[in-house]
Amino acid sequence: MSADERRALEALKDVQYIEDAWQDESEEMDLGDVLNGTEPLPVSHAGGEFADLARDLLGDFWNIKYRDRGQHRTDNCTRRDRVLCRTQAFAEQMPAMTDAHLAWSLEKSEAGFRGFFDRLQSADSHLESDSTRGQWSINVIDVFCAEKVTLQILSTDRTIASALVRQGVFPCSPISPTVGITTEVLELYRVVHLRSPHLSIQMFVKSVCDLHEVEFRRHLSRQFSIAFDAYLQVRRNTAAMVAESLQRDSPDWRLKHSCPTCRYELVDEEQLTFSMLYAMDGNDSLKRVLRRSLDPDGDESLGPSSELPTGQQLTTDRYLSRAFVDQFARDSAHTAAVDEDTPANNSCAGRWKNMDDTKTKKAWGIYDETGVFVAVCRHGVVLLIADMVQSGELTKYPLAVVSKLMNVFGKNLGGGYDIGCQFKTTLNKSSLGPLARSLQHTCLVGAFDGHAHRRLCQLFSLTTYIKGLGLEDLETCERTFSKSNSLASALRYASIFHRQQAIDSYFEHNNDFEVYANISNFLYHNYKQALDILSDGDATLPVLMRDLKLTDESIFERWLEEEKVYLESLTREPEDETLQMEYWQKLVNLTASKEALDVAMTAFQMNYEVVSYDAQVQNTRKAESVRHHALEDYERNLKLVQVLECKLEIVKRWVPEDAEWQMVGRLVANRKYQRALDRLEGLIVARIFELTKMNRAGTGYKLRKHIAKALQTRSVAIRSALNTYNSITSSMYPPRQTLKWEDIVEYAFLADFDLLRDTRMDVSQHPWSSAAARRAMDLYFKMCRACEEIQCLNIEIRRLATYIRDEDNYLRRCKDQLKDANPALAHQITLHRNIRGRFNSRHLKRLYDISRLTGFSGMIVPGISTHTSLGDSANNGASTVEPDTQDDLDGEEEEEEVAEEASRHLQDVLRIADDFSQLELHGSTDEEA
């Protein structure tokens, strides 16, 4: 490190900021040993030991020395200043620390040492005298031991921090560190935390303190956090260097290639209805409390923010920035009002909290980020994340996600959302509407959330009735949140940077080590499920059709259209009927007010026994007041009746004996019937959701108890609503269907409620309204979706097989081109290849299992990818590294031949597996013949 660099770093150093050692010395110090240099002066986290030592040595001279000069200089640096200086100092050294980490990783791989102290012993045994070397003493913390060691600083080391990182230690301070954490400890915590997000830094540090048999102190967690942040930043820099060497650093490259089964298209493959299916939803578990100071005026309102800026910025393309999301805030406000003229899209308005902008715009003032909004592909890969900031699930978040996905992936996207029916209207009215229509974006509703939607909404948006969707339920977000909710406890009081860093790291790890690791299992189980549905349907559907006396399966498509037309006719009452029912109700009110007026007049004219003059005056005033109020009610109702008679052009006022009065009276009774049915249906919806939430993993004990109490209350309310409903049905003409408690408590799909709403015609006259017909129709559409699922899986299976081959070959070529020019970076490519490559053998085994399924109609032989641009797995061009010489190429020919031979063997194995499956299929056919 040059003298200029040293002075630049020292300028950033705060004179009072000295890191504490991992453990304190409790023995009394010998001042002579301190002065002659045999023992260091232990400096605690609070500081002040040097002043105490000087005061002890000088005695009264200390007081005389400072008597005239006053107190010693006050350090005016705040914690904010120290944090910003530390962040800036680390940032300036980060390139050197990244290079040092690459060198350490390569050395560890080549030498094979197990840990820091194993390497230290090996280095000490081979240490040679060199006058250009320096030394640095530091307390090194490992998992099971902590020692003060002396590390070597080479002339090639650019900074002290980089010298420590090169030897496997991350410092807790950027300048003159006294405490360092070994890379193995940091990596251990990173991996364990990603597997079990409940484990916080404080709990891990307490565990290490227990192993070291020392007392835990809060500053130890801060020291570990500082080193851990530096380690994660080095890992991000390393990943960026690997991406650049692989030519995969272009904008949105990660998003375009995040899921190989979704986006790794092949030559001459069959085109699907949807180029990609994804689900999006918000989750309010990952909140973050906004630290605020107390109001100086003593007001109980929230004070200003007291957040401590760290100066750290997370560099990731997985997160949508707040500025990008806020671009769609105007669209969110513009489309907040629901257009009531589109019942097909808005039949569920008012049934969902996130459809109501007046509710979603509110949030608890104590939170800054109130949750996250994510987009996930159908296989479970998290594509995008957006923070919900001081609000609920506003429309701007799904609009921002859809905008990004359409710009990256283009046409024929299908997006599932729990309020997809309403969001379709919002998207069409927003500034993205023309783009969404030109790219043929489709808004869908997930299978689980669709249970609570109106039947008409289900016919337009539910997964069962959408052609080309397959068996996908579009509920991937719920499964993703069930795992990510474990992060909540560790993020509630984190900084903005640390919260985003933890969320981004978790979903990156989840994509690579959970979703990709199980992607072949996803394909296998979905294929098996589709084959089972077709097998059962082939045996059941003909029987149902024979019982219904049907011969053509196309009748089910016509029934579906008839049901749409029928339910659309029920979405709004005719205007004439509405006015007539209002007129009838006003007549009833007028009659009641006339009777009340007559009673009041009679009471006013009655002669009371004269008790006293004062009592007579009081009775007269009371009777006059009642008569006056009754007269006002009568006149008000009479005026309303007259207004409606003018609108309806009624010449003669209706009386109960008239046919019009009786007909409209039945319409009013039907309206009460529908409202009672709405009340009952709403309680059933709440019961279904509460039962599901109660059994969901990650639901805490207190929430389970709360839900259990709510279910008890809900059961009483359901019984009351059921009794009200049945009492109304008995007074209907003709009488309506009554419901039993045993029937409604078993409801898991609420479509049948809509079939009870018709009040103008007998729904039983429709052939599709019977239970047997609806069962046959649902089975038919389920079989249609199973056929589409097999078609989609045949494409995705071959994409995965091709990706495994191409990705492995491409990374091997890039590593071979770099191994001489930059062996440390080539080693990182090897580590990168192993992230997903470790699961390839499992995937190949699963693909072979799929090929052996009875009814398998695809192939597992790799194809030819259409992705041949720079950085793509199928790209055969050279990387950005300078081309090798002829001597280098001659030395690499053997390794290339070995790689090509391995690739040929892989293809041979896949072809043989496919041939065996075909032979077994033909053999079983011959035996049956």
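This is a predicted model: local features need pLDDT of at least 70, side-chain atom pairs count only at pLDDT 80 or more; totals for chains, interfaces and linings use all residues.
**Exercise 1. The protein as a whole**

Task: State how many helices and strands the protein has, and what percentage of its residues count as buried.

Solution. 
Step 1. The protein contains 36 helices and 10 strands.
Step 2. It has 929 residues, of which 47% count as buried.
Step 3. Contacts may also be sorted by separation along the sequence: among those between residues at least 6 apart, 77% join residues at least 24 apart.

**Exercise 2. The open sheet**

Task: Give the order of the strands in the open sheet, name its edge strands, and describe the helices that pack on it.

Solution. 
Step 1. The sheet is built of 6 strands in the order β6-β8-β7-β5-β9-β10, with mixed pairing.
Step 2. Its edges are β6 (319-320) and β10 (442-444), each of which pairs on one side only.
Step 3. Within the sheet, β7 (residues 369-377) and β8 (residues 382-389) run antiparallel and are joined by 7 bridges. Opposite Val374 stands Ile385 of β8.
Step 4. Helix α17 (residues 396-409) lies across β5 (276-283), β6, β7, β8 and β9 (413-416). The angle between α17 and β8 is about 150 degrees.
Step 5. Helix α18 (residues 420-429) also packs on the sheet, where it touches β5 and β10. The directions of α18 and β10 make an angle of about 150 degrees.

**Exercise 3. Cysteines and disulfides**

Task: Determine how many disulfides there are, and decide whether Cys377 is buried or exposed.

Solution. 
Step 1. A disulfide requires two cysteine sulfur atoms within 2.5 Å. By this rule the count is 0 disulfides.
Step 2. Cys377 illustrates the result: the nearest cysteine sulfur belongs to Cys259 and is 3.9 Å away, and Cys377 is in no disulfide.
Step 3. Residues under 20% relative accessible area count as buried. Cys377 has 0% relative accessibility and therefore counts as buried.
Step 4. Cys477 has a relative accessible area of 3%, so this residue is buried as well.

**Exercise 4. The surroundings of Thr476**

Task: Locate Thr476, and list the residues that it touches beyond four places away in sequence.

Solution. 
Step 1. Thr476 belongs to helix α22 (residues 476-484).
Step 2. With a relative accessible area of 5%, Thr476 is buried.
Step 3. Leaving aside residues up to four places away in sequence, Thr476 touches Ala279, Val376, Cys377, Arg378 and Gly380.

**Exercise 5. Two packed helices**

Task: Describe how helix α25 is placed relative to helix α35, and classify the residues in their contact.

Solution. 
Step 1. Two packed helices are described by the angle and the distance between their axes.
Step 2. The axes of α25 (residues 519-547) and α35 (residues 840-851) come within 9 Å and cross at roughly 10 degrees.
Step 3. Angles under 35 degrees count as roughly parallel. The helices α25 and α35 are therefore roughly parallel to each other.
Step 4. On the α25 side the residues in contact are Ile519, Ser520, Asn521, Leu523, Tyr524, His525 and Tyr527; on the α35 side they are Arg842, His843, Arg846, Asp849 and Ile850.
Step 5. By class, this contact between α25 and α35 has 5 nonpolar, 4 polar and 3 charged residues.

**Exercise 6. Positive phi angles**

Task: State where Ser176 and Gln440 are found, and whether each is buried or partly exposed.

Solution. 
Step 1. Ser176 is not a glycine, yet its phi is positive, at about 50 degrees. Ser176 lies in the loop between β3 (169-171) and β4 (179-182).
Step 2. Ser176 counts as buried, at 18% relative accessibility.
Step 3. Gln440, likewise not a glycine, has a positive phi of about 55 degrees. Its place is the loop between α19 (433-438) and β10.
Step 4. Gln440 counts as partly exposed, at 45% relative accessibility.

How values were computed: Residues are numbered from 1 along each chain as its sequence is written. Side-chain values use heavy atoms; hydrogens and water are left out. Buried means under 20% relative accessible area, exposed over 50%, partly exposed in between (1.4 Å probe, protein chains only). Axes are lines fitted to C-alpha atoms, for helices over the stretch in contact, and angles run from 0 to 180 degrees between N-to-C directions. Helices (H or I, at least four residues) and strands (E, at least two) are DSSP runs, numbered from the N terminus. Angles under 35 degrees count as roughly parallel, over 145 as roughly antiparallel, 65 to 115 as roughly perpendicular and the rest as oblique. Contact means heavy atoms within 4.5 Å. Ala, Val, Leu, Ile, Met, Phe, Trp, Tyr, Cys and Pro count as nonpolar, Asp, Glu, Lys and Arg as charged, and the others, Gly among them, as polar. Two strands pair if DSSP finds at least two bridges between them.
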